[in-house]
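Subject: Structure for your review

Dear colleague,

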Amino acid sequence: QRLATLGLLETRSGEGTYVREPSTGNLIDPLFKTFRFKPGQILEILEFRLAIEMLSCRLAAQRATAVQIEALGQIMTAMLKAVEANDQERYSLEDMQFHICLAEMSHNSLVSMVIENLSDFYLGHLVELNRQIDLSFNINYHTAIYEAVRRNDGESAAVSMKSMINRSMSEVKKWAFA
């Protein structure tokens, strides 16, 4: 039962119990399903994101292909439409795709793996952030990151990501102590 809870075993009705294909997600997912997105935990996620996503942006700006940059532009367009429609759910999903795309653009398998394996966890805190913060709050930062990546300016992309996450942290601190 403990192994099944950790996602290492799969029980199929009428067939038996099988060992699941090993993956980081099998171990991480059960831990995060119990995670509640309270301000303190959101701050911890943002601290983690600060390190990994500054690297992701920097590498994406240096290594992205033209096709990947075009894909990121399409995500930006979808994010802008979600802001115009004040569609928090759609914005949060596109926001997550934006960060996944940057990770893929980094062409660093560890960065991509971490972001992908934590995507549900990331999405959970993004939904909570976007519920609490006006959608137009971070769209300018996302635009600046996208433009910096397009210009192959890794340092500007990383600085914009840092500014966005630091501003989000300031906002979370406000509602944590309100």
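H3 passes H5 in a left-handed crossing, a term used if the near helix is turned anticlockwise from the far one by less than a right angle, with right-handed used if clockwise. On the H3 side, Arg49, Glu53, Ser56, Cys57, Leu59, Ala60 and Arg63 meet His99, Leu102, Ala103 and Met105 of H5; contact means heavy atoms within 4.5 Å. These residues divide into six nonpolar, two polar and three charged. In this division Ala, Val, Leu, Ile, Met, Phe, Trp, Tyr, Cys and Pro count as nonpolar, Asp, Glu, Lys and Arg as charged, and the others, Gly among them, as polar.

Please note that this is a predicted model, in which local features need pLDDT of at least 70, side-chain atom pairs count only at pLDDT 80 or more, and totals for chains, interfaces and linings use all residues. Residues are numbered from 1 along each chain as its sequence is written, and side-chain values use heavy atoms, with hydrogens and water left out.

The overall plan

The chain holds nine helices and two strands. Helices (H or I, at least four residues) and strands (E, at least two) are DSSP runs, numbered from the N terminus. From that terminus on, the order of the elements is α-β-β-α-α-α-α-α-α-α-α. Of the 178 residues in the chain, 42% are buried; buried means under 20% relative accessible area, exposed over 50%, and partly exposed in between (1.4 Å probe, protein chains only). Among contacts with a separation of 6 or more, 73% join residues 24 or more positions apart.

Helix H9 and its partners

H3 (residues 39-63) and H9 (residues 154-176) have axes that come within 8 Å and cross at roughly 170 degrees. That makes H3 roughly antiparallel to H9. Their contact is formed by 17 nonpolar, three polar and seven charged residues.

The axes of H8 and H9 also come within 8 Å, crossing at roughly 165 degrees, which makes H8 roughly antiparallel to H9. H8 passes H9 in a left-handed crossing. Residues of this contact include Tyr141, Ile145 and Val149 of H8 and Ala157, Met161 and Met164 of H9. Nine of the residues in the contact of H8 with H9 are nonpolar, six polar and two charged.

The nonpolar cores

Which residues have the most contacts inside the largest nonpolar core? They are Leu72, Phe98, Leu102, Met105, Ile145, Val149 and Met161, in a core of 37 residues. A nonpolar core is a set of buried Ala, Val, Leu, Ile, Met, Phe, Trp, Tyr and Cys residues joined through side-chain atoms within 4.5 Å. H3, H4 (66-84), H5 (88-105), H8 (136-150) and H9 each supply at least two residues of this core, and the largest share, eight residues, comes from H3. Apart from this core lies another, of eleven residues, among them Ile45, Ile52, Leu118 and Leu126. In soluble globular proteins, nonpolar side chains tend to be buried together.

Leaving aside neighbours within four places in sequence, Ile145 is in contact with Cys57, Phe98, Leu102, Ala157, Ser160, Met161 and Met164.

Individual residues

Phe48 is found in H3 and counts as partly exposed, at 36% relative accessibility. Not counting residues up to four places away in sequence, Phe48 touches Val114, Leu118 and Tyr122.

Beyond its neighbours within four places in sequence, Asn130 is in contact with Gln88, Tyr91, Ser92, Asp95 and Leu135.

Most residues other than glycine have a negative phi. Asn86, in the loop between H4 and H5, has a positive phi of about 50 degrees although it is not a glycine. Asn152, in the loop between H8 and H9, likewise is not a glycine and has a positive phi, of about 60 degrees. Asn152 counts as partly exposed, at 48% relative accessibility.

Yours sincerely,
A colleague

Notes: Axes are lines fitted to C-alpha atoms, for helices over the stretch in contact, and angles run from 0 to 180 degrees between N-to-C directions. Angles under 35 degrees count as roughly parallel, over 145 as roughly antiparallel, 65 to 115 as roughly perpendicular and the rest as oblique.
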